[in-house]
Amino acid sequence: MLYNSNNICIFYGNNSWSYTPLGKVDGLSAEELKAFFGEGDISVTYSLGDR
């Protein structure tokens, strides 16, 4: 999600904040995403690859 024009956030679940969706993860439940990301900080790499 894009927040405040310059912050990218990854989260699962619902909230009342104003985000702009940039993409989504298909095939995983919120619990599976929670298990995948675990606890604490994570690093994410974005790239434009072959389509």
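Colleague: What pattern does the protein chain follow, read along the sequence?

Modeller: Happy to start there. This is a predicted model, in which local features need pLDDT of at least 70 and side-chain atom pairs count only at pLDDT 80 or more, while totals for chains, interfaces and linings use all residues. Residues are numbered from 1 along each chain as its sequence is written, and side-chain values use heavy atoms, with hydrogens and water left out. The secondary structure comes to one helix and two strands, taken as DSSP runs numbered from the N terminus (helices H or I, at least four residues; strands E, at least two), and along the sequence the pattern is β-β-α.

Colleague: Where in the protein chain is confidence highest?

Modeller: The score here is pLDDT, the predictor's confidence in each residue, from 0 to 100. The chain averages 79, and 94% of the residues score at least 70. Strand E1 (residues 2-3) has the lowest confidence, at a mean of 75, and the highest, at 85, belongs to H1.

Colleague: What radius of gyration does the protein chain have, next to a compact globule of 51 residues?

Modeller: The radius is taken over C-alpha atoms, and the globule rule is 2.2 Å times the number of residues to the power 0.38. The C-alpha trace spans about 35 × 25 × 20 Å along its principal axes. A compact globule of 51 residues would come out near 10 Å, but the protein chain has 12 Å.

Colleague: How many of the 51 residues, as a percentage, count as buried?

Modeller: Buried means under 20% relative accessible area, exposed over 50%, and partly exposed in between (1.4 Å probe, protein chains only). The chain exposes about 5,000 Å², with carbon and sulfur atoms supplying 49% of it; such areas come from the Shrake-Rupley method with a 1.4 Å probe, and for residues only the protein chains shown count as cover. Of the 51 residues, the buried share is 4%.

Colleague: Which class does the aromatic pair of Phe36 and Phe37 fall into, by its centres and planes?

Modeller: The structure holds one aromatic pair. The rings of Phe36 and Phe37 have centres 5.2 Å apart and planes at 70°, so they count as edge-to-face. For reference, rings of Phe, Tyr and Trp (its six-membered ring) pair if their centres lie within 6.5 Å, and planes under 30 degrees apart count as stacked, the rest as tilted, and those over 60 as edge-to-face.

Colleague: What accessible area does the nonpolar patch on the surface have together?

Modeller: Patches are made of residues with over 30% relative accessible area and no salt bridge, with like charges joined within 9 Å and nonpolar side chains (Val, Leu, Ile, Met, Phe, Trp, Tyr) within 5 Å. A salt bridge is a side-chain nitrogen of Lys or Arg within 4 Å of a carboxyl oxygen of Asp or Glu. One of the members, Leu22, sits in the loop between strand E2 (7-8) and helix H1 (30-37) and is exposed at 54%. Ile8, Ile10, Leu22, Ile42, Val44 and Tyr46 together have about 580 Å².

Colleague: How far apart in space are Cys9 and Tyr19, C-alpha to C-alpha?

Modeller: Cys9 lies in the loop between E2 and H1 and is partly exposed, with a relative accessible area of 24%. Cys9 and Tyr19 are ten residues apart in sequence, and their C-alpha separation is 8.8 Å.

Colleague: What separates the C-alpha atoms of Glu31 and Leu48?

Modeller: Glu31 lies in helix H1 and is exposed, with a relative accessible area of 57%. Glu31 and Leu48 are 17 residues apart along the chain, and their C-alpha atoms are separated by 28 Å.
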